Amino acid sequence: MTESSTNPTDLPILKEVSIPPHPIWPKLESAEKEELILRIKKLLKERNAVLVAHYYTHEDLQALAEETGGCVADSLEMARFGAAQQAETLVVAGVRFMGETSKILNPEKKVLMPDLGATCSLDEGCEAGEFRDFIAKYPDHTVVVYANTSAEVKAASDWVVTSGIALSIVKDLAAKGEKILWAPDKHLGRYVQKATGADMILWPGSCIVHEEFKSVALERVRKLHPEAAILVHPESPENIIEQADVVGSTTALIKAVTTMENKEFIVATDKGIFYKMQQLAPDKILIEAPTIGQGATCQACAECPWMGMNSLHNLAEILEDESNEIHIDPAIREKAVIPIQRMLDFAKEHNIGMKKKGNA
Ligand code: 13P
Ligand code: SF4
C-alpha cells in the first residue's frame with residue numbers, strides 16, 4: 001500500500017504536555033504486602049467490585065485482578081469486560097480514558113480509579129475545543145479517534161478505535177471510499193495509513209513513552225541479538241516500526257511471545273507488559289528496546305508515569321472510602337457512547353480480539 005494523503009499545513013501546534021516524575025511507592029515488606037492484598041480482596045467483595053487492569057500497570061495489580069476474577073487486558077478488552085459483569089462497581093487500574101470509557105459504556109455502574117490524575121500524553125495533547133474547531137474545517141472527513149482521548153473528544157467523533165482494531169476499521173472505511181481525519185496519535189495514524197492506503201489527515205499527537213525509543217540504539221541491540229524478534233507497539237516512531245517483526249496492540253505483542261519460535265524478543269513498549277509475557281512464556285528471554293531521552297531518569301524509561309500512579313496503596317484507599325469516582329456529563333456520554341459502541345459492534349461482527357481466559 002502507498003501513502004495517498006498529505007497532511008494539511010493548518011495542523012494545530014500542540015502545547016508541551018507536562019510529564020510527572022515516575023511515582024515512587026513505599027516499599028512493602030512481604031507481610032505488609034500480604035495484609036494489604038487481603039484487605040483489598042475483602043473490600044472488593046464488600047463493595048461488589050471487580051478490578052480491571054491494563055497490561056502496563058504494576059504486576060501486583062495485574063496478579064490481583066486475575067486472582068479476584070477481574071481482568072488484565074488491552075484497552076479494547078478492558079472496554080468490553082465491564083459490561084459483562086454483575087458487579088456494581090468497576091475499579092479501573094489504568095489511565096483516565098480507560099475509566100471514562102468504562103463509565104460511558106456502563107453508566108449504571110460506579111467506576112472508580114486509584115488516581116484520577118492518571119492521564120495520557122495523547123489525551124492531554126488533544127484538547128476538545130481545539131479538536132472540534134479542527135474537524136469543523138473537514139466536514140467531508142470521517143472522524144476516527146484513538147481510545148486514548150477524553151469523553152468530549154469521543155463525543156465529537158464518528159469512530160473510536162484501539163490499537164487492536166484500528167487497522168481493520170480504517171481498512172473497512174477506506175474500502176467504502178471514506179476520507180479520514182485521524183487523532184491524536186500521529187505515529188499510529190501513519191502506520192495505519194501506510195498499511196491501508198487510506199486517505200488520512202493526522203493530528204500531531206504522540207505518546208511520550210513510545211516516542212523515547214531510538215532507532216540507532218535499536219539497530220545496535222539487534223546486532224547484539226541477531227536471532228531476536230522485534231516487537232513494537234504502533235505508538236512508536238516510524239523508524240522503530242520499520243525495524244519490527246511484529247507491530248501490534250499489547251495483546252498482539254504478548255501473543256507473539258507465546259506463539260513465535262524465537263527464544264529472544266526485543267520489546268518496544270511499556271515495561272509493565274513483561275509481567276504477562278513472562279507469565280505466559282517463562283522460558284523466553286525479553287530484552288527492553290533502548291530509550292535514550294532525558295538521561296537515565298525514569299521519565300526516559302519505557303514506563304508510563306501515569307500508569308505508574310496505580311498501586312496497591314491507593315487502590316486500598318479508594319476502595320475503603322469509595323472515592324475517585326468517574327463522572328461524565330450525561331449529554332457528553334450520550335454522544336460518546338455512539339462511536340465506542342460502533343467499535344464494539346464492529347469487533348463482534350468481525351470476531352476481533354475476543355479474549356480467552358488466561359490468554360492474551
Ligand atoms: P493497547 O490498547 O494496545 O493496550 O494500548 C493502550 C496504550 O495506551 C498503549 O500505550
Ligand atoms: Fe498514554 Fe503512552 Fe501512557 Fe499509553 S503509554 S497511557 S499512550 S502516555
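Which residues come nearest to ligand 2? Let's start there, and keep in mind that what we're looking at is a predicted model.

So, ligand 2 has 13 residues around it, and the ones that come nearest are Cys-120, Ser-121, Cys-207, Val-209 and Cys-304. And what is the shell around ligand 2 like? Nine of its residues are nonpolar, two are polar and two are charged.

Now let's zoom in on one helix, α2, at residues 59-67. Which of its residues are buried? Those would be Asp-60, Leu-61, Gln-62, Leu-64 and Ala-65. And what do these buried residues pack against? Quite a list: the helices α1 (30-46), α13 (273-280) and α14 (312-321), plus the strands β1 (49-54), β2 (71-73) and β3 (89-93). Have a look just past the end of α2 as well, where Gly-69 takes a positive phi of about 80°.

Next up, strands. As a quick reminder, strands of a sheet pair through backbone hydrogen bonds, and they can do it parallel or antiparallel.

Take β5, residues 141-146, as our example. Strand β5 runs parallel to β7 (residues 179-183), with five bridges joining them. In that pairing, Thr-142 stands opposite Ile-180 of β7. Strand β5 also runs parallel to β6 (residues 159-161), this time with three bridges. There, you'll find Tyr-146 opposite Val-161 of β6.

Last stop: an open sheet built from four strands, and the order is β10-β9-β11-β12, with parallel pairing. Why is one side of β10 and one side of β12 left without a neighbour? Well, β10 (246-247) and β12 (285-288) stand at the edges and each has a single partner strand, so there is no neighbour in the sheet on one side of each. For β10, we can look at its pairing with β9, residues 229-232: the two are parallel and share two bridges. If you want to find that spot on screen, go to Val-232, which stands opposite Val-247 in β10.

Note on methods. Residues numbered from 1 in each chain as written. Chains lettered and ligands numbered in written order. Predicted model: local features only at pLDDT ≥ 70, side-chain atom pairs only at ≥ 80, totals over all residues. Near = placed C-beta within 6 Å. Nonpolar A, V, L, I, M, F, W, Y, C, P; charged D, E, K, R; others polar. Pairing = 2+ DSSP bridges. Buried ≥ 20, exposed ≤ 12 C-beta atoms within 10 Å, placed from the backbone. Contact = placed C-beta atoms within 7 Å.
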